[in-house]
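Try each task before reading its solution.

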Amino acid sequence: MAYFDDPQPVFCTTCGRESDPDARFCDNCGAALDPQSEGPQYAPGMPYQGDPGYGELPHIPNYLVQAILATICCCVPAGVVAIVYAAQVNGKVAAGDYVTAQRYSNNAKTWCWVALGLGIVAAIIGIAANVASGSLGGF
Amino acid sequence: MAVASGRIYYESTLASLPLWRFRFLLLGLAALPCLALVYARNPGEPGIFPLCPFYTLTGLHCPGCGTLRGLHQLLHGNLLAAFGYNPYSMLALPIIAYAFLNAALSTAWGKRLPAPFVHPALIWGLLAAVLAFWVLRNVPVYPFPVLAP
């Protein structure tokens, strides 16, 4: 993610092994690590090359449409929980708290899958109940 | 899963299929015969369509009840009758279709349709509306049965 200033892993140009972001020599072969591989280097007077995440909100999915779909045809209670998380995702994105927004996004995604799973189970039970009661005839 | 130079790489067999990027388009193609079936057979009559599991178990209408019957009316051009069966799913239908198109285009060709940022208050409002719809369409006092399928 370009939005957080996470230290990027450094790869040795000699042997390819990954080293600690702040290492100056390769753990594996001892070769000097290329400082250029740590990312773009800026110097005064250089033309601005653009920041990958500049000027736009990070795209953190809120799974709102999947949640709506879940309340219509999968499993209503799980879909309702997913809508709650979708609202919280956008609330945290609006507040600039992208770390928490990402956590709520993961929860929303999980609950959409739970809704689908429970929906499939409920559909099987429902069809069985319909067939048993005779309300589901043939063609 | 392959282990190379001490690092573990996961290779999803599904995602490595050449047609994987067209999965939403294929899903859309698979939906066409289902829509043809909903067009040809009325879900309001006993037959091949199963009843809602929630309705079967509780006797109460869920927010999605009436969607199939509404879809049948919509495919026959009866917009008013479609809304009568389930206004919520009919309003959600264009949003779902747009999101599906967006998913299909972005996974197949990397093209993203404009997706506006939805204000959180709007989503909380939707939550309240869905819960209210769920309860009110089961109230047997006029005018609430209008909301029932």
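The exercises below concern a predicted model and go from one chain to the interface and then to a single residue.

**Exercise 1. Find out how confident the predictor is in chain A, and where pLDDT stays under 50.**

Step 1: Start with the average. The mean pLDDT of chain A is 75, with 68% of the residues at 70 or more.

**Exercise 2. Describe how chain A is built.**

Step 1: Count the elements. Chain A has three helices and two strands.

Step 2: Along the sequence they read β-β-α-α-α.

Step 3: Consider burial and contacts. Of the 139 residues in chain A, 29% are buried. Among the contacts in chain A with a separation of 6 or more, 41% join residues 24 or more positions apart.

**Exercise 3. Characterise the interface of chain B and chain A.**

Step 1: Take the area. The two chains bury about 2600 Å² between them, and carbon and sulfur atoms account for 78% of that.

Step 2: Chain B brings 32 residues to the contact and chain A brings 35.

Step 3: Check the specific pairings. There are zero salt bridges between chain B and chain A, while two residue pairs are in polar contact across the interface, both at pLDDT 80 or more.

Step 4: See which elements of chain B take part. The most comes from α6(B), with seven residues.

Step 5: Sort that side of chain B by class. It holds 23 nonpolar, six polar and three charged residues.

**Exercise 4. Is Phe144(B) buried, partly exposed or exposed? Place it in its surroundings, too.**

Step 1: Locate the residue. Phe144(B) sits in the segment after α6 (120-136) of chain B.

Step 2: Apply the cut-offs. Buried means under 20% relative accessible area and exposed means over 50%. Phe144(B) has 28% relative accessibility, so this residue counts as partly exposed.

Step 3: List the neighbours. Leaving out residues up to four places away in sequence, Phe144(B) touches Leu136(B), Arg137(B) and Val139(B).

Step 4: Phe133(B) is 11 residues from Phe144(B) along the chain, and their C-alpha atoms are 9.5 Å apart.

Key: Residues are numbered from 1 along each chain as its sequence is written. Chains are lettered from A and ligands numbered from 1 in the order in which they are written. This is a predicted model: local features need pLDDT of at least 70, side-chain atom pairs count only at pLDDT 80 or more; totals for chains, interfaces and linings use all residues. Side-chain values use heavy atoms; hydrogens and water are left out. pLDDT is the predictor's confidence in each residue, from 0 to 100. Helices (H or I, at least four residues) and strands (E, at least two) are DSSP runs, numbered from the N terminus. Buried means under 20% relative accessible area, exposed over 50%, partly exposed in between (1.4 Å probe, protein chains only). Contact means heavy atoms within 4.5 Å. Buried area is the accessible area (1.4 Å probe) that two parts lose on being put together, summed over both. A salt bridge is a side-chain nitrogen of Lys or Arg within 4 Å of a carboxyl oxygen of Asp or Glu. A polar contact is a pair of N or O atoms within 3.5 Å; within protein, one must be able to donate a hydrogen and the other to accept it, and residues adjacent in sequence count only if both atoms are side-chain atoms. Ala, Val, Leu, Ile, Met, Phe, Trp, Tyr, Cys and Pro count as nonpolar, Asp, Glu, Lys and Arg as charged, and the others, Gly among them, as polar.
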